[in-house]
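Biologist: Let us go through this entry term by term. Please set each value against its cut-off before you conclude.

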Amino acid sequence: MDPLSALISLLDTNDKKLFRQFLKRKNKRNDVKNLQLLDLIETDDISRLDQLYHPEKNKDAYHALRKRLQDSLLVFLSQKAFESNQSDTYDALRLVVVGRFLLENDVVKVGFKCLDKAERLAEHLEQFNLLNELLLLKLQYAHLPEAEDFEGLTARFLHNQSDMQREAKLNMAYAFLRHELQQIHLGGKVVNLNTLMLTTIRKYKISVQDLMTYKSVYQILFIANEYAAIQHNYGLIERYIDRTNQFIQRQANQKKAYLFYHISILYFLSNFHLRQKDFGKSTAILKEMMDLMTLDIRYHAVFYLRYQLLSALNLFFTGFADRAVVLLRESLSVSKPSSKPEDIEDIRICLAMFLALYNNRESLKQLMLLTRTDAWYEKKMGMLWAIRKNLMEILVQAQFSNIELAMSRLASFRRRYRKYLLKTSEERVLMFLSLVERYLLNPDVVFETSYQKKVLNLQGETGNSDIFILSFISWLIAQCKKKNAYQVVLQLIQDDSQLQE
């Protein structure tokens, strides 16, 4: 999708109507063709593009028209975002803009009041860059009689400069860690997370106190969660989970502050306990998460689908498959155009997995609705997600006797991911795939003792205790034992939990 079409896709029906009105007000001449171009892009009518300009004589004019329409759309989107966003950060920004306007027009007393209110909001939200801008504005007009004490103002400005430097170091450290994660994820780089964290903290000269904020805890937990997912081992990040719990307990009186980071932290904690098979703890944290989500309708909308996903997973892996399926169906039915595509795709693939393990043919339909390209899934959802999605398609097609299609998908999978899996030392996926292939070529192989032994040994191998990996293994075991795959995965999880105890 080209940039202009991508921007237009962000508009809903009402937004498009308002954008047309915006263009009509902006157009100074009657021969401007931006509305015509908008119509053609919306209808995807390529054949009519030549009607705008003759292709040979006016190719440059057509591209200039597209550029002007894109610029107009960016202005419209920026105004819409500024007007519609009700967050405290935007409130503070609006007050700074108004305060500047009033001071420039000699309405000094009200202008300073606007800046004072903006400063209180920005301090509460730790928006140091915004604080820097408004304090500079106050200093610019510090010569006026209505201005506050110059020395106190200067001291606050210098203190905020220090806070800005601290935040900059944290952001650089976070960016560096995200870069290293990519090297681990895509390049198979072998890294110890604890060593990496300590090296990064020393490299950017970050103190322990610097790490004791909601934002920094969220960033650390994000990195830890991604690392554990790549390694298929959430036990590796237990020390970070313990420290996060201690931080949350110390901040118990700030439940209404830093809501986005607080809710995000609870989401990571719930996911950690889910992946560690502590479903009771995961569910309890989800309740805390919902309590915070209800405090602000904006965050309820942002986190709702992710909350529903974890809730359904907890239900499914504790034996309540029917309730889990209903929950995911309801989530898809109430999703909105503004919902993140990644959240919707996550729910849909989980629903497909639930239905497949329960031997419901509707799983095929749900997989068919995952219509984006492998490249999109790899970029947006991550390489591991894309690999699991492709493996699931092979298994589900095989499960419902579409053997030729399953073999075709298997061959495509090898072509696309074999090199990556070898590079990242994930030969076990290729081993699993070879067992699936043997079954596809000869279904009776499941009755051979040597084949059954190889399948059953998968469960005990290091790194195969993750609930999603166990779900794949359960499919093969179910073929060998002629059992329901859902009952098999519940038994595998129970056996694995007992071993850990």
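Modeller: First the burial rule: a residue is buried under 20% relative accessible area, exposed over 50%, and partly exposed in between (1.4 Å probe, protein chains only). This is a predicted model, where local features need pLDDT of at least 70 and side-chain atom pairs need pLDDT 80 or more, while totals for chains, interfaces and linings use all residues. Residues are numbered from 1 along each chain as its sequence is written, and side-chain values use heavy atoms, without hydrogens or water.

Biologist: Why is phenylalanine 222 called buried?

Modeller: Its relative accessibility is 16%. The limit is 20%, so phenylalanine 222 counts as buried. Tyrosine 218 has 15%, and therefore counts as buried too.

Biologist: What makes tyrosine 218 and phenylalanine 222 an aromatic pair, and of which kind?

Modeller: Rings of Phe, Tyr and Trp (its six-membered ring) pair if their centres lie within 6.5 Å; planes under 30 degrees apart are stacked, over 60 edge-to-face, the rest tilted. Here the centres are 6.5 Å apart and the planes make 50 degrees, so the pair is tilted.

Biologist: How far apart are tyrosine 218 and phenylalanine 222 along helix 10?

Modeller: Four residues, which means about one helical turn. Helices here are DSSP runs (H or I, at least four residues), strands are E runs of at least two, and both are numbered from the N terminus. Ring pairs also join tyrosine 218 and phenylalanine 222 to a cluster whose members include Tyr174, Phe260, Tyr267 and Phe303.

Biologist: How many aromatic pairs does the structure hold?

Modeller: There are 27. One of them joins tyrosine 214 and phenylalanine 247, at 5.1 Å between centres and 80 degrees between planes. That angle passes the edge-to-face limit, so the pair is edge-to-face. It links distant parts of the chain: tyrosine 214 is in helix 10 (residues 214–231), phenylalanine 247 is in helix 11 (residues 238–250), and 33 residues separate them. Tyrosine 214 and phenylalanine 247 are both buried.

Biologist: How do you know that the charged end of arginine 323 sits over the ring of phenylalanine 320?

Modeller: The rule asks for NZ of Lys or CZ of Arg within 6 Å of the ring centre and within 35 degrees of the ring normal. For arginine 323, the distance to the centre of the phenylalanine 320 ring is 5.1 Å, and the charged end is listed as over the ring. The charged end of arginine 239 sits over the ring of tyrosine 240 at 5.9 Å from its centre.

Biologist: Why does alanine 321 count as buried?

Modeller: Because its relative accessibility is 4%. Alanine 321 lies in helix 15 (residues 321–334). Beyond its neighbours within four places in sequence, alanine 321 is in contact (heavy atoms within 4.5 Å) with Leu315, Phe316, Tyr358 and Tyr486. Leucine 355 is 34 residues away in sequence, and 8.8 Å away from C-alpha to C-alpha.

Biologist: What does helix 21 pack against?

Modeller: Its buried residues pack against helix 19 (383–399), helix 20 (403–423), helix 22 (449–460) and helix 23 (467–481). Among those buried residues are Val429, Phe432, Val436 and Leu440.

Biologist: How does the span of helix 21 compare with the expected one?

Modeller: The expected span is 1.5 Å times one less than the number of residues. Helix 21 (residues 427–441) has 15 residues and reaches 21 Å from its first C-alpha to its last, close to the expected 21 Å.

Biologist: What is the phi of serine 401?

Modeller: It is positive, about 65 degrees, although serine 401 is not a glycine. Most residues other than glycine have a negative phi. Serine 401 is in the loop between helix 19 and helix 20. Its relative accessibility is 58%, so serine 401 counts as exposed. Lysine 482, also not a glycine, has a positive phi of about 55 degrees. Lysine 482 is in the loop between helix 23 and helix 24 (485–500), and at 54% it is therefore exposed.
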